[in-house]
Amino acid sequence: MSNLRTPLYQWHVDHKARMVPFGGWDMPVQYAGIAAEHKTVRTAAGLFDITHMARVSFGGPDALKLLETVFTNSVATMKDGQVRYGLVCGETGGILDDILVYRWPYGFAAVVNASNREKILAWLEKHRTGLDVQIRDQTFETTMVAVQGPKALALCAGMFETDPAALKYYFATPTRYKDTGCVVSRTGYTGEDGLEIMVPNALGVALWDDLTARGAVPCGLGARDTLRLEAAMPLYGHELTESINPLQAGLGWAVKLDKGPFIGREALRDAAANPTARPVRVGLEVEGKRAAREGCTVLSAENAPVGTVTSGSFAPWLEKSIAMGYVAPAFAAPGTPLVVDVRGATIPAVVVPLPFYKRPKAAT
Amino acid sequence: MNPTDRRYTATHEWAKQDGDTVTVGITAFAVEQLTEPTFLELPPVGKAVTAGKPFGIIESVKSTSDVNSPVTGEVVGRNEGLVDDPKTKRAADLGPVNDDPFGRGWMLKIRVAPGATLDHLLTADQYAAQLASDGH
């Protein structure tokens with residue numbers, strides 16, 4: 001089966017991007033180099049093709065009810081234009097996906113991980129029974145890009161009918177680009193300020209060219225991964241899986257047990273009331289420059305296995321080796337000395353508070 | 001281009017012979033695939049290495065790869081600037097590997113048995129043909 005291609009595929013190939021399969025798509029992993037792209041996002045502005053992310057819209061009188069049923073965070077309390085992060089959980093509280101929900105005056109939308117698109121569409125289909133709701137997968141109709149970095153907002157000035165700088169963090173607005181309807185959202189996955197922009201496919205390349213001409217530097221999924229790791233944002237399939245619940249993942253803040261019934265609520269209420277020995281997500285700072293990659297065993301200072309690395313890399317901005325993983329709760333406190341088994345070499349590590357990187361507050 | 005004064009492995013190392021000493025490094029193609037090496041582990045001087053077997057590890061932001069020895073012999077020298085020096089606390093600088101993999105980015109000097117040759121390795125032309133057939 002061949003992979004899906006975004007409307008920007010040919011642009012990436014023409015600009016010497018290294019293409020890799022990701023979530024069923026052929027996506028650019030890097031252009032100039034991961035470290036350089038990463039640093040550009042921390043200091044200026046990077047541009048990412050994130051069209052592979054699934055975009056689903058919801059309409060009809062029961063759209064709110066359906067979303068409240070499948071989403072762990074509160075939807076009813078969202079304001080128009082607000083964006084909210086949360087989980088889709090199964091009955092046992094395991095995470096099926098982490099998604100963003102958008103509230104519009106006329107309905108809702110969700111951005112879902114590429115690799116989970118079909119699973120989540122099937123899940124929504126299953127739970128819409130008896131509800132008056134229209135669900136539309138718009139993934140193949142629109143191009144989605146992210147402009148991220150301290151200069152991202154400034155370089156987008158004047159591009160859209162609405163000034164995106166007026167948006168609050170985690171708010172979005174329908175607006176117009178080249179006289180065509182689009183959505184601009186002050187969200188991202190890099191730890192920096194910035195925008196995520198959705199336009200009809202016909203405008204995808206024009207938008208990309210416009211942004212690069214304004215100084216946004218094309219970046220691949222490689223930098224996106226190291227940026228989100230420094231910002232300690234979980235990635236589905238790594239920190240989040242169906243056998244991990246949101247409380248273990250440190251995402252209890254995105255679970256509203258008191259908002260009313262939702263799928264997984266009973267299991268999560270139990271888990272919250274009865275803390276068990278389930279492993280919990282931690283950050284690790286690893287000695288030296290070797291990367292502790294996914295799957296590396298985490299050991300106690302006495303060399304007993306206590307957990308596993310889920311993501312790890314040499315961090316280009318922090319210039320040290322960092323990792324996230326799951327360890328037994330007794331070893332999860334910041335400052336706990338641990339050891340990581342990196343291909344047979346045992347390397348000292350220490351539990352550190354997350355995130356590893358927090359962007360400096362802008363002067364106001 | 002891959003210099004013609006040396007031989008190559010299918011796993012993207014190069015070997016250049018001068019008498020019974022063979023200098024070893026990785027190719028420009030290997031560096032391009034890795035992009036921006038962040039860490040290199042080399043064996044100490046005196047260590048025995050075996051043709052086709054890993055002698056070290058090179059990491060980039062995205063990947064960890066073995067570096068294989070093109071020849072069998074004993075390590076008689078290594079490019080110390082590429083690795084940390086715990087004594088002086090000098091940090092490794094992998095810039096030479098990144099910028100000049102066929103020159104300043106050399107990794108090891110290996111003493112081979114008298115009369116040993118590089119005939120078992122690929123010529124520059126054969127290596128280029130392999131890259132082409134791999135679609136690069």
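Select strands β4 (residues 54-59) and β7 (residues 107-112) of chain A: five bridges join them, and the two run antiparallel. Strands here are DSSP runs of E with at least two residues, helices are runs of H or I with at least four, and both are numbered from the N terminus. Within this pair, Ala54(A) has Val112(A) as its bridge partner. The model is predicted, so local features need pLDDT of at least 70 and side-chain atom pairs pLDDT 80 or more, whereas totals for chains, interfaces and linings use all residues. Residues are numbered from 1 along each chain as its sequence is written, and chains are lettered from A and ligands numbered from 1 in the order in which they are written.

Next, display the open sheet of five strands, in the order β5-β6-β7-β4-β8 (chain A), with antiparallel pairing; two strands pair if DSSP finds at least two bridges between them. At its edges stand β5 (83-89) and β8 (134-137) of chain A, each with a single partner strand, so one side of each has no neighbour in the sheet.

Then select helix α2 (residues 34-43) of chain A. Seven of its 10 residues are buried, so the helix is largely enclosed by the rest of the structure. A residue is buried if 20 or more other C-beta atoms, placed from the backbone, lie within 10 Å of its own. Among the buried residues are Ile34(A), His38(A) and Val41(A).

Finally, colour chain A by domain: domain 1 (9-53 + 140-230), domain 2 (55-137) and domain 3 (277-352), with bounds from an automatic or database domain assignment. The C-alpha centres of domains 2 and 3 of chain A lie 34 Å apart.

Conventions. Buried ≥ 20, exposed ≤ 12 C-beta atoms within 10 Å, placed from the backbone.
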